Amino acid sequence: MNNDVENRKFERSQFFLVQKDKDFLPIWVFKPEDNPSGMLGVLVDVSQGGLQILMQKNSLVEGQQFEMSLINQIGGDEIRLPPGIIELVWSSEVGSTYTKCGFTFNSYSSDEISMLIAQTFDGENKFMRCILRETNQNKLM
């Protein structure tokens with residue numbers, strides 16, 4: 001029997017080293033059993049204009065839309081934000097393992113974005129874990 005992680009039938013988690021000042025913090029993101037088809041990531045920056053998510057190296061396309069769901073794996077407060085639609089604006093390789101992606105919000109209200117900002121930066125070294133699923137939603141003109 002081969003125990004190689006790369007040969008697993010189902011992906012269980014991803015490990016991210018997130019830069020904080022001059023240090024790197026280890027962040028584990030576990031895939032929820034009820035959402036096995038999504039891509040895992042860590043929110044590293046959020047503003048009213050959009051958000052940045054660190055993901056495993058990928059081949060996403062600018063303009064591609066995703067449904068983002070937040071995952072509460074830290075404990076403590078429950079995340080009170082429904083899934084929302086975000087759109088990829090840019091991506092940049094980080095080392096040989098990660099891609100940092102910039103997204104705009106397509107479905108969150110200003111109040112929901114403010115709630116996300118407050119939850120993301122509430123507490124020292126708190127990072128929000130998320131899961132992205134491709135969506136077929138068309139861009140509104």
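In which helix is Ser114 found? Ser114 lies in helix α1, which spans residues 110-120; helices here are DSSP runs of H or I with at least four residues, strands are runs of E with at least two, and both are numbered from the N terminus. The model is a predicted one, in which local features need pLDDT of at least 70 and side-chain atom pairs count only at pLDDT 80 or more, while totals for chains, interfaces and linings use all residues. Residues are numbered from 1 along each chain as its sequence is written, and side-chain values use heavy atoms, with hydrogens and water left out.

The chain contains 1 helix and 8 strands. Along the sequence these elements follow the order β-β-β-β-β-β-β-α-β. Of the 141 residues, 36% are buried, where buried means under 20% relative accessible area, exposed means over 50%, and partly exposed covers what is in between (1.4 Å probe, protein chains only). The chain exposes about 8,900 Å², and carbon and sulfur atoms supply 48% of that area; accessible areas come from the Shrake-Rupley method with a 1.4 Å probe, and for residues only the protein chains shown count as cover. Among contacts (heavy atoms within 4.5 Å) between residues at least 6 apart in sequence, 63% join residues at least 24 apart.

Helix α1 has Ile113, Leu116, Gln119 and Thr120 as buried residues. These four sit on the same side of α1, because they cover an arc of only 125 degrees around the axis; the arc is that of the directions from the helix axis to the C-beta atoms.

The C-alpha atom of Ser114 is 9.3 Å from that of Val46, although the two residues are 68 residues apart along the chain.

The cysteines are the last topic. How many disulfides does the structure hold? The number is 0, a disulfide being a pair of cysteine sulfur atoms within 2.5 Å. Cys101 is in no disulfide, and the nearest cysteine sulfur to it, that of Cys130, is 9.9 Å away. Cys130 is likewise in no disulfide, with the sulfur of Cys101 as its nearest cysteine sulfur at 9.9 Å. Is Cys101 buried or exposed? Cys101 counts as buried because its relative accessibility is 0%. Cys130 also has 0% relative accessibility, so Cys130 counts as buried.
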